Amino acid sequence: MFYHRQKLQFQSKPEKPDAVYARKLQEVIGGQYGEITVAMQYSFQAWNAHIPGKYRDLLFSTATEEFGHVEMLATMVAQLLEKAPLGVTDHAVQNDPAVAAVVGGTNVQHGILAGAGARPVDSMGNPWSGAFVTASGNLLADMYANVNAESQGRVAVARLYHMTDDPGIRELLSFLLARDTMHQNQWLAAINDLKAEGLEELPVPSNFPKSKEAEEHAYTLYNFSDGATAADGSWASGPTPDGHGEFSYSDEPLEGPPMPPPTHPDARFYGTTELPNTVEKVAGTVQDKLNKE
């Protein structure tokens, strides 16, 4: 059950309207690494969890917190748009390049579709997509995805911090940065707990039989680029992080087998082949008469 309390987690009030910045702020609402994504990601990870207890509880708690972050940012966007001059005539734009530049930097859908409010879109107006959500049912895989989501989100918020001098906006972003710090650390701590408790280990999924993979290729770095320093990292020699092998380095990839010849699907797919077009037509006709599907 969800229960909404009409309070914000933190102060969300700009000093002045700014429709251009409202558009920028949409990125951390509805972008790939925005707050809608992590709210839904942690929710689905919790719903898909196969064990009760602290991991599921942590996911539910953080998911609900992230919905509150969406609320704070949407509230901020609405206030940034409340008195912003969205409706500028063509005449005014044509005679004032500065105004034209400002109007060109706004998201007109804020006014047209949302009535001076936020939308579930990114900074370019692209709708938020459920394809951004990672929820595999494997907690170790999901926790690594969560660290990435919080890292990318914190990068975006940090950049947005430097794109405004509004103290009210910066105050909110400062809070979000701090929460992203906590979330990165909590997911890393959860990864350590999963390993320490013997629930999961590397490589993910750790319970897939190692005997069924081509183990001779499992720990070799094949160099597929003409860069000269790929072998300089700890990933090219020494023990592997999963504790099951030793890294090695090969200056070139495996030679591999030759490419197979081009495929020749059913003539009724109408792909171009080396056969004359008339032959392809006859083949399709014959296949139809034979009722071959």
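How many bridges join E2 to strand E3? The count is 2, and the two strands run antiparallel. This is a predicted model.

**Sheet**
- The sheet is open and has 3 strands, in the order E1-E3-E2. Its pairing is mixed.
- Strands pair through backbone hydrogen bonds, and the pairing can be parallel or antiparallel.
- Strand E1 (220-222) and strand E2 (238-239) stand at the edges. Each has a single partner strand, so one side of each lacks a neighbour in the sheet.
- Strand E3 covers residues 246-250. Within E3, Phe247 is the bridge partner of Gly238.

**Aromatic pairs**
- The model has 5 aromatic pairs. Phe2 and Phe67 form one of them, with ring centres 6.0 Å apart.
- Phe2 lies in the segment before helix H1 (19-25), while Phe67 lies in helix H4 (residues 54-82). The pair therefore ties together parts that are 65 residues apart in sequence.
- Phe2 is exposed, at 57% relative accessible area. Phe67 is partly exposed, at 33%.
- Trp128 and Phe132 also pair, with ring centres 6.4 Å apart. Their planes stand at 80°, so this pair is edge-to-face. The cut-off for that class is over 60 degrees.
- Trp128 is partly exposed, with a relative accessible area of 23%. Phe132 is partly exposed too, at 26%.

**Ser43**
- Ser43 sits in helix H3. Is Ser43 buried or exposed? Ser43 is buried, with a relative accessible area of 2%. Buried means under 20%.
- Leaving aside residues up to four places away in sequence, Ser43 touches Ala63 and Phe67.
- Ser43 and Glu71 are 28 residues apart in sequence. Their C-alpha atoms are 16 Å apart in space.

**Cavity**
- The structure holds 1 cavity of 30 Å³ or more. The largest cavity has about 80 Å³ of space.
- Its lining includes Val28, Tyr33, Glu66 and Asp180. Gly34, Glu35 and Val38 also line the cavity. So do Ala149, Glu150, Gly153, Arg154 and Val157.
- Helix H3 (35-47) and helix H8 (139-161) are the elements that give two or more residues to this lining. H8 gives the most, with 5 residues.
- By class, the cavity lining has 5 nonpolar, 2 polar and 5 charged residues.

**Largest pocket**
- The largest pocket holds about 330 Å³ of space. It is lined by 17 residues.
- Closest to the pocket centre are Ala267, Tyr270, Gly271, Glu280 and Lys281.
- The lining of the largest pocket divides into 5 nonpolar, 7 polar and 5 charged residues.

**Second largest pocket**
- The volume of the second largest pocket is about 240 Å³.
- Phe2 and Phe67 are both among the residues that line it. The lining also includes Tyr3, His4, Arg5, Lys7, Leu8 and Gln9. Thr64, Glu65, Gly68 and Glu71 line this pocket as well.
- The lining of the second largest pocket has 4 nonpolar, 4 polar and 4 charged residues.

Conventions: Residues numbered from 1 in each chain as written. Predicted model: local features only at pLDDT ≥ 70, side-chain atom pairs only at ≥ 80, totals over all residues. Heavy atoms only, no water. Phe/Tyr/Trp six-rings, centres within 6.5 Å; stacked < 30°, edge-to-face > 60°. Helix = DSSP H or I, 4+ residues; strand = E, 2+ residues; numbered from the N terminus. Buried < 20%, exposed > 50% of the residue type's maximum accessible area, 1.4 Å probe, protein only. Pairing = 2+ DSSP bridges. 1 Å grid on protein atoms, 1.4 Å probe; cavity = no way out; pocket = protein on both sides within 12 Å on 5 of 7 lines; lining within 4 Å. Points joined across faces, edges and corners; volume = space filled by probe spheres on them. Nonpolar A, V, L, I, M, F, W, Y, C, P; charged D, E, K, R; others polar. Contact = heavy atoms within 4.5 Å.
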